[in-house]
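Dear colleague,

I am passing a structure on to you, and below it you will find my notes on what turned up in it. Please read them with the model open beside you.

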Amino acid sequence: IDTSHGISLQNGAVPGEQGKQEKSVKRGNWGNQIEFVLTSVGYAVGLGNVWRFPYLCYRNGGGAFMFPYFIMLVFCGIPLFFMELSFGQFASQGCLGVWRVSPMFKGVGYGMMVVSTYIGIYYNVVICIAFYYFFVSMTRVLPWTYCSNPWNTPDCVGVLDGNVSSRAALNLTQLLNTTQKRTSPSEEYWRRYVLNLSDDIGNLGEVRLPLLGCLGVSWVVVFLCLIKGVKSSGKVVYFTATFPYVVLTILFVRGITLEGAVTGIMYYLTPQWDKILNAKVWGDAASQIFYSLGCAWGGLITMASYNKFHNNCYRDSIIISITNCATSVYAGFVIFSILGFMANHLGVDVSKVADHGPGLAFVAYPEALTLLPISPLWSILFFFMLILLGLGTQFCLLETLVTAIVDEVGNEWIIRKKTFVTLGVAVAGFLLGVPLTTQAGIYWLLLMDNYAASFSLVVISCIMCVAIMYIYGHRNYFKDIEMMLGFPPPLFFQICWRFISPAIIFFILVFTVIQYRPISYNEYVYPTWAISIGFLMALSSVICIPIYAIYKVCRSEGDTLLERLKNATKASKDWGPALPEHRSGRYAPAFSPSTESHLEVQPLQPEKGQSEAAAASPVQGSNGSAHSQDSRL
């Protein structure tokens with residue numbers, strides 16, 4: 001992978017440390033930098049970019065929403081992203097191992113694992129529904145085009161059931177609107193055929209076998225892509241992270257050439273500046289940035305832990321965050337151009353056809369696609385894009401859990417058997433996803449989406465900021481970053497990490513509590529017991545933090561509570577860079593003066609190293625200086 005490892009093993013490493021050196025090579029690295037960037041882009045860009053952002057934008061004042069959105073990106077999104085990447089990269093550990101920095105807070109790592117477990121379970125169910133739609137789109141006529149199927153009701157009015165008659169029928173139904181509401185064939189297909197929806201969350205009914213089969217397919221795909229850990233998934237992302245952009249562009253070109261597309265896009269972009277003073281708009285912008293970038297899921301720490309020590313993660317975090325937000329904005333054009341076309345065709349307002357969440361992906365958009373010539377082709381492309389967007393996130397969720405388990409056990413045997421750990425986690429995820437394929441599955445899916453992964457992420461992130469900046473100490477952390485990147489974090493980031501980002505996270509927390517409304521799905525209101533289960537899921541991840549902290553304080557040495565607290569929060573001895581040749585300065589091993597003097601010299605001449613690297617290989621970029629120093633060792 002990296003020649004400097006081999007060289008430093010002979011010259012720099014202490015004989016006693018040899019095992020540690022090899023272990024990190026065994027743990028694996030990215031093949032190259034592009035793999036890491038693509039994986040992180042695939043992780044950050046998910047289904048929410050397509051089905052949440054455009055709708056939020058249209059609902060919160062169109063183009064005016066971009067203003068709070070980008071402010072939140074700059075002051076909260078990018079700083080948190082950079083913090084998690086640098087944290088994982090410095091220690092080369094998953095979301096549990098990094099907490100050697102302050103062992104009392106390891107509960108934060110467990111909380112991240114719990115959150116990733118919940119998300120991993122239901123995210124793959126959404127992918128499996130996309131797989132199902134992908135397979136049924138391979139026909140000459142999409143099955144949700146007409147109202148003549150056995151599952152349709154008399155209320156069903158298709159957009160294609162003879163244009164003139166359907167317009168007349170629509171006018172007629174508008175007259176009789178007091179009793180009936182038009183349902184589209186795509187909505188009936190979704191509710192009455194694909195889900196065969198039951199009337200209540202407690203009434204599970206039967207397992208929908210086609211969905212169960214697709215769930216099996218999606219777990220097998222995820223497992224096969226992760227069979228060799230980041231070695232295999234790093235190759236897969238070349239396709240899964242880039243191809244959605246090809247599809248988006250094809251759909252974009254198709255969309256803007258349609259009649260009425262401009263109306264839809266104007267709906268999406270026309271700024272309503274009066275809304276900018278509304279706190280809800282700012283809250284929505286902050287939460288969307290926060291959830292969209294995948295902060296506090298543990299995935300960013302895990303992915304960065306496979307980087308080389310001197311990789312410039314500062315540059316990566318800016319590239320990835322901006323790509324993620326640009327994708328959201330771009331997807332809005334794709335969605336709203338076709339919704340505008342459909343609204344124009346039906347002669348209604350765009351707000352009547354706009355939707356978000358599964359309703360957009362599986363009802364509104366597929367229906368709009370039936371109006372296009374060769375509609376099965378567009379449908380196949382659209383669902384293929386959804387599958388790839390979902391898989392990119394799912395890879396990282398699974399890898400987070402596997403890495404955390406393997407790093408925590410940490411012996412030779414489990415590192416060799418990592419594939420079996422992956423298999424075990426995948427099988428467990430499949431079995432836990434089975435209830436979500438029943439007739440009440442969508443109720444459970446939305447319950448998990450709303451509770452398991454909203455409130456708790458904010459708490460986890462806030463505690464992580466405080467632990468690193470105030471308990472471990474910002475000066476220590478800035479020094480660590482300087483040792484890793486060759487420069488301290490820019491002043492802007494120092495201020496954000498210490499004051500602005502925690503304040504924004506706290507604002508999101510307060511906002512979430514004030515804005516809280518019990519969850520509902522269309523007309524169905526969830527019963528109290530279901531909402532209690534939702535709160536228990538949200539609590540289950542946060543509760544790890546105090547429980548572990550109390551356990552750690554009890555197990556620490558010290559006579560008084562204060563001494564115990566000090567010992568529990570103090571960085572453990574094995575905190576620091578994973579490879580011995582990077583443990584310079586205050587991380588240098590005390591027992592070997594020769595190595596220490598070797599390593600102490602290194603940072604004194606970074607300019608020379610950089611000029612050598614520049615002369616040697618202009619291609620190598622930011623990693624160059626680091627490698628030339630390593631080989632000089």
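How many aromatic pairs does the structure hold? There are 65 aromatic pairs in it, where rings of Phe, Tyr and Trp (its six-membered ring) pair if their centres lie within 6.5 Å, and where planes under 30 degrees apart count as stacked, over 60 as edge-to-face and the rest as tilted. One of them joins Phe382 and Phe383 edge-to-face, at 5.2 Å centre to centre and with 70° between the planes. Both Phe382 and Phe383 are buried, a word that stands for under 20% relative accessible area, with exposed meaning over 50% and partly exposed in between (1.4 Å probe, protein chains only).

Before going further, please keep in mind that this is a predicted model, in which local features need pLDDT of at least 70 and side-chain atom pairs count only at pLDDT 80 or more, while totals for chains, interfaces and linings use all residues. Residues are numbered from 1 along each chain as its sequence is written, and side-chain values use heavy atoms, with hydrogens and water left out.

As for the overall picture, the protein has 30 helices and two strands, taken as DSSP runs numbered from the N terminus (helices H or I, at least four residues; strands E, at least two). Of its 633 residues, 58% are buried.

Leaving aside neighbours within four places in sequence, Tyr133 is in contact (heavy atoms within 4.5 Å) with residues including Trp144, Phe362 and Phe383.

Ser375 lies in helix α19, which covers residues 375-409, and Ser375 counts as buried because its relative accessible area is 9%. With neighbours within four places in sequence again left aside, Ser375 is in contact with Leu142, Leu369 and Thr370.

Turning to helix α23, Ile471 lies there, and Ile471 counts as partly exposed because its relative accessibility is 37%. The helices α23 (455-485) and α24 (491-514) each supply at least two residues of a nonpolar patch, which lies on the surface and has Ile471 and Phe499 among its residues. Such patches are made of residues with over 30% relative accessible area and no salt bridge, with like charges joined within 9 Å and nonpolar side chains (Val, Leu, Ile, Met, Phe, Trp, Tyr) within 5 Å; a salt bridge is a side-chain nitrogen of Lys or Arg within 4 Å of a carboxyl oxygen of Asp or Glu.

With kind regards

Key:
Accessible areas come from the Shrake-Rupley method with a 1.4 Å probe; for residues, only the protein chains shown count as cover.
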